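Biologist: Could we go through the aromatic pairs and the surface charge of this model, step by step?

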Amino acid sequence: MKNHTYQNGRLLQTNKQFSALKQKQKEWITNELRQRYISAINYPYTKLRPKKRDQILNEVYDLIEEEEIWIPYGEVKRHYFSKIPSFIRKNKKMMQQEGKEAADTPQKELE
């Protein structure tokens with residue numbers, strides 16, 4: 001029990017990893033991070049500045065605590081920074097699809 005502590009009457013594992021969470025919890029955290037990161041991007045192919053990245057991480061970690069999901073801050077931070085390139089790629093794909101749809105729309109209206 002060296003990796004466990006009692007907090008608020010609950011036994012918590014201090015060395016818990018992100019992979020130990022339930023799939024639903026992992027997806028919820030990743031979706032929150034992705035939505036907030038993409039909405040904060042001003043230019044589609046650039047990374048955010050460190051202060052803005054940390055602000056998003058802190059907001060999402062507060063939500064995680066409200067949902068009573070216990071995971072160390074460092075694990076969420078490591079997961080977040082590993083996912084940033086994937087968030088940028090997804091945003092880039094979405095922007096390209098929107099551009100294609102916008103280009104296709106006038107042609108359909110002419111027909």
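Biologist: Is tyrosine 37 buried or exposed?

Modeller: Please keep in mind that this is a predicted model. Burial is assigned under 20% relative accessible area, and because tyrosine 37 has a relative accessibility of 0%, tyrosine 37 counts as buried.

Biologist: Which helices hold tyrosine 37 and phenylalanine 87, which form an aromatic pair?

Modeller: The two rings form a tilted pair, with 5.9 Å from centre to centre and 50° between the planes. Phenylalanine 87 is buried as well, at a relative accessible area of 1%. The pair ties together parts that are 50 residues apart in sequence, because tyrosine 37 lies in helix H1 (residues 23-40) and phenylalanine 87 in helix H3 (residues 73-110).

Biologist: Of what kind is the pair formed by the rings of tyrosine 61 and tyrosine 73?

Modeller: This pair links distant parts of the chain, with tyrosine 61 in helix H2 and tyrosine 73 in helix H3, 12 residues apart. Tyrosine 61 counts as buried at 13% relative accessibility, whereas tyrosine 73 counts as partly exposed at 32%. The ring centres are 5.2 Å apart and planes over 60 degrees apart meet the rule, so with its planes at 80° the pair is edge-to-face.

Biologist: Is glutamate 65 buried or partly exposed?

Modeller: Glutamate 65 has its place in helix H2 (residues 50-66), and on the surface Glu65 gathers with Asp62, Glu66, Glu67 and Glu68 in a patch of negative charge. Since its relative accessible area is 47%, glutamate 65 is partly exposed.

Key
Residues are numbered from 1 along each chain as its sequence is written. This is a predicted model: local features need pLDDT of at least 70, side-chain atom pairs count only at pLDDT 80 or more; totals for chains, interfaces and linings use all residues. Side-chain values use heavy atoms; hydrogens and water are left out. Patches are made of residues with over 30% relative accessible area and no salt bridge: like charges are joined within 9 Å, nonpolar side chains (Val, Leu, Ile, Met, Phe, Trp, Tyr) within 5 Å. Accessible areas come from the Shrake-Rupley method with a 1.4 Å probe; for residues, only the protein chains shown count as cover. A salt bridge is a side-chain nitrogen of Lys or Arg within 4 Å of a carboxyl oxygen of Asp or Glu. Lys and Arg count as positive and Asp and Glu as negative; His and the chain ends are not counted. The place of a charge is taken as NZ of Lys, CZ of Arg, CG of Asp or CD of Glu. Helices (H or I, at least four residues) and strands (E, at least two) are DSSP runs, numbered from the N terminus. Buried means under 20% relative accessible area, exposed over 50%, partly exposed in between (1.4 Å probe, protein chains only). Rings of Phe, Tyr and Trp (its six-membered ring) pair if their centres lie within 6.5 Å; planes under 30 degrees apart count as stacked, over 60 as edge-to-face and the rest as tilted.
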